[in-house]
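Hi there,

Here is the structure I promised to pass on to you. Have a look at it first, and then read my notes below.

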Amino acid sequence: MKQIHLKELKEDHYGYAESVKNLRTNVKFSGSNVKVIAFTSSLPGEGKSDVTYALLQSFAQIGKKVILIDADIRKSVLVSRLEVGTKVQGLSEYLSGQCEMDDVICNTNYDGLDVIFAGSYSPNASELLEEERFVNLIAACRERYDYVFIDTPPLGVVTDCAVVAGHCDGIILVVESGAISYRLLQKVKAQLETTGTRILGVVLNKVDSKTEGYYGKYGKYGKYGKYGKYSKYDKYEKYGQDGADSGNDTAQGGDK
């Protein structure tokens, strides 16, 4: 296992920290059999990866042994966002048989917190995620850790999350407040339901507490449509191809 140092993605806002703690409590009360959880969003840029990592840190702070698996092997940004200063092998190398599980698990500077990064860009991500090696990885992590979080690509763009979901105990959907159309959100929800995996809940992210209050005008999924019918990413079917050279060294793109 490789030892790495991760940057802390820390929000100074007290309300954010409390919201993460509340999310942690809700996950804990989802049931003792809920250990492997996938995180997805409708589109890139909704803050899914930041929410996933913040929750991971929160569980580690209370003494839980946790691991994050970055399954966005099309266009991951975690290596650059967390300022990992060394090249690491990741999920794509493991799934393609180039290395073994212990070669891709990274021990971090946070007690009890490990990470498997996405690894090199792969154009056939869905096929790799369907490999038996992925099933074996999840099974092994389930035995080693209290919680396994899997960060997946936006489901409104590619269907990788639907492949991953079959191996998970639950799914959490991250939604950016005011940025996603109601129609697209319902489409993504329907896709999640077809996986047969339990939808644990929705995280409403990037809420302006000054103008929208605690729940805001989007508390009941009201008028999301700032980007119109399907939003500006309606034709983003080539998700990740522009980041073919990103991998571990030059991961591109904004906050997932």
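Let's start with a question: which side chain does Arg144 meet in a salt bridge? The partner is Asp102, with N and O 3.2 Å apart. Before you go further, please keep in mind that this is a predicted model.

Now find the two residues in the fold. Arg144 sits in helix α7 and Asp102 in helix α5, so their pairing ties together parts that lie 42 residues apart in sequence. Are these two buried, exposed or something in between? Arg144 has a relative accessible area of 32% and is therefore partly exposed. Asp102, at 35%, is partly exposed as well.

The side chain of Arg133 meets that of Glu100, with an N to O distance of 3.7 Å. This pair also links distant parts of the chain: Arg133 belongs to helix α7 (residues 132–144), while Glu100 is in the loop between α4 (91–95) and α5 (101–104), 33 residues away. Glu100 has 47% relative accessibility, so it counts as partly exposed. For Arg133 the value is 22%, which also means partly exposed, because buried would require under 20%.

Glu193 and Lys189 form a salt bridge whose closest N and O atoms are 2.6 Å apart. Both residues lie in helix α9 (residues 182–194), four residues apart, or about one turn of the helix. Glu193 is partly exposed at 44% relative accessibility, and Lys189 is partly exposed at 36%.

Next, the nonpolar side of the story. In soluble globular proteins, nonpolar side chains tend to be buried together. The largest nonpolar core here has 43 residues, and those with the most contacts inside it are Ile69, Leu91, Phe134, Leu137 and Ile150.

Enjoy exploring, and write back with any questions!

Best wishes

Methods. Residues are numbered from 1 along each chain as its sequence is written. This is a predicted model: local features need pLDDT of at least 70, side-chain atom pairs count only at pLDDT 80 or more; totals for chains, interfaces and linings use all residues. Side-chain values use heavy atoms; hydrogens and water are left out. A salt bridge is a side-chain nitrogen of Lys or Arg within 4 Å of a carboxyl oxygen of Asp or Glu. Helices (H or I, at least four residues) and strands (E, at least two) are DSSP runs, numbered from the N terminus. Buried means under 20% relative accessible area, exposed over 50%, partly exposed in between (1.4 Å probe, protein chains only). A nonpolar core is a set of buried Ala, Val, Leu, Ile, Met, Phe, Trp, Tyr and Cys residues joined through side-chain atoms within 4.5 Å.
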